[in-house]
Amino acid sequence: MNVVTLIGNVAGGVKLLKVGAGGEQVARLLLSVDRPGGGDFDLVDVEVRGAQAATCKRSLHVGQRLAVDGRIRTSGPKLEEVVVVANHLHFLSEPTVLS
């Protein structure tokens with residue numbers, strides 16, 4: 001079973017891309033997740049697809065608290081590239097709509 005849940009802060013701007021022949025929207029963002037014990041953190045690439053992608057671009061900003069439920073996807077010649085593909089997002093701080 002491939003399931004991951006992360007809680008962290010948005011660490012970079014959200015990039016909105018269109019992929020595939022149908023032009024599906026995909027948002028990419030970086031999530032800063034604290035390690036147990038404090039003092040250190042990991043940066044995790046998160047990918048959001050579909051209708052939630054546009055919402056992420058509009059509403060998420062650096063420092064906003066976010067919970068992500070999804071799955072891990074690896075790629076690259078040695079499977080060293082790791083991305084969490086989000087199934088559900090939970091805004092833990094008030095979203096701000098950016099124009």
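Trainee: Which strand holds S75, and what makes a run of residues a strand?
Mentor: S75 is part of strand β5, which covers residues 65-75. A strand is a DSSP run of E with at least two residues, a helix is a DSSP run of H or I with at least four residues, and both are numbered from the N terminus. The model is predicted: local features need pLDDT of at least 70 and side-chain atom pairs count only at pLDDT 80 or more, while totals for chains, interfaces and linings use all residues. Residues are numbered from 1 along each chain as its sequence is written, and side-chain values use heavy atoms, with hydrogens and water left out.

Trainee: Why does S75 count as partly exposed?
Mentor: Buried means under 20% relative accessible area, exposed means over 50%, and partly exposed is in between, with a 1.4 Å probe and protein chains only. S75 has 29% relative accessibility, so S75 counts as partly exposed.

Trainee: Which residues does S75 touch, and what makes a contact?
Mentor: A contact means heavy atoms within 4.5 Å. Leaving aside residues up to four places away in sequence, S75 touches E80 and E81. For K18 there is a distance instead: its C-alpha is 19 Å from that of S75, and the two residues are 57 apart in sequence.

Trainee: How do you know that β5 and β6 pair?
Mentor: Two strands pair if DSSP finds at least two bridges between them. β5 and β6 have 10 bridges and run in the antiparallel sense, so they meet that rule. S75 stands opposite E81 in β6. The two strands form a hairpin with 5 residues between them, and G76 in the turn has a positive phi of about 100 degrees.

Trainee: Which strand contains S32, and is S32 buried or exposed?
Mentor: S32 is found in strand β3. Its relative accessibility is 17%, so S32 counts as buried. S32 touches G8, N9, A11, F41, D42 and L43, again not counting residues up to four places away in sequence.

Trainee: How many bridges join β2 to β3, and how many do β3 and β4 have?
Mentor: Strand β2 (residues 15-19) and strand β3 (residues 24-34) run antiparallel and are joined by 5 bridges. L17 stands opposite V26 in β3. The hairpin of β2 and β3 has 4 residues between the strands, and G20 in its turn has a positive phi of about 75 degrees. β3 and strand β4 (residues 41-49) pair in the antiparallel sense over 9 bridges, with V33 opposite D42 in β4. They too form a hairpin, with 6 residues between them and a positive phi of about 95 degrees at G37 in the turn.

Trainee: In what sense do β4 and β6 pair, parallel or antiparallel?
Mentor: β4 and strand β6 (residues 81-91) pair in the parallel sense, over 3 bridges. D45 stands opposite V83 in β6, and V46 has V84 as its bridge partner there.

Trainee: What pattern does the protein follow along the sequence?
Mentor: The pattern is β-β-β-β-α-β-β, which comes to 1 helix and 6 strands.

Trainee: Why does the radius of gyration of the protein agree with that of a compact globule?
Mentor: The radius is taken over C-alpha atoms, and the globule rule is 2.2 Å times the number of residues to the power 0.38. With 99 residues, a compact globule would have a radius near 13 Å; the protein has 14 Å, so the value agrees. The C-alpha trace spans about 45 × 40 × 20 Å along its principal axes.

Trainee: What percentage of the residues of the protein count as buried?
Mentor: Of the 99 residues, 30% count as buried. As for contacts between residues at least 6 apart in sequence, 55% join residues at least 24 apart.
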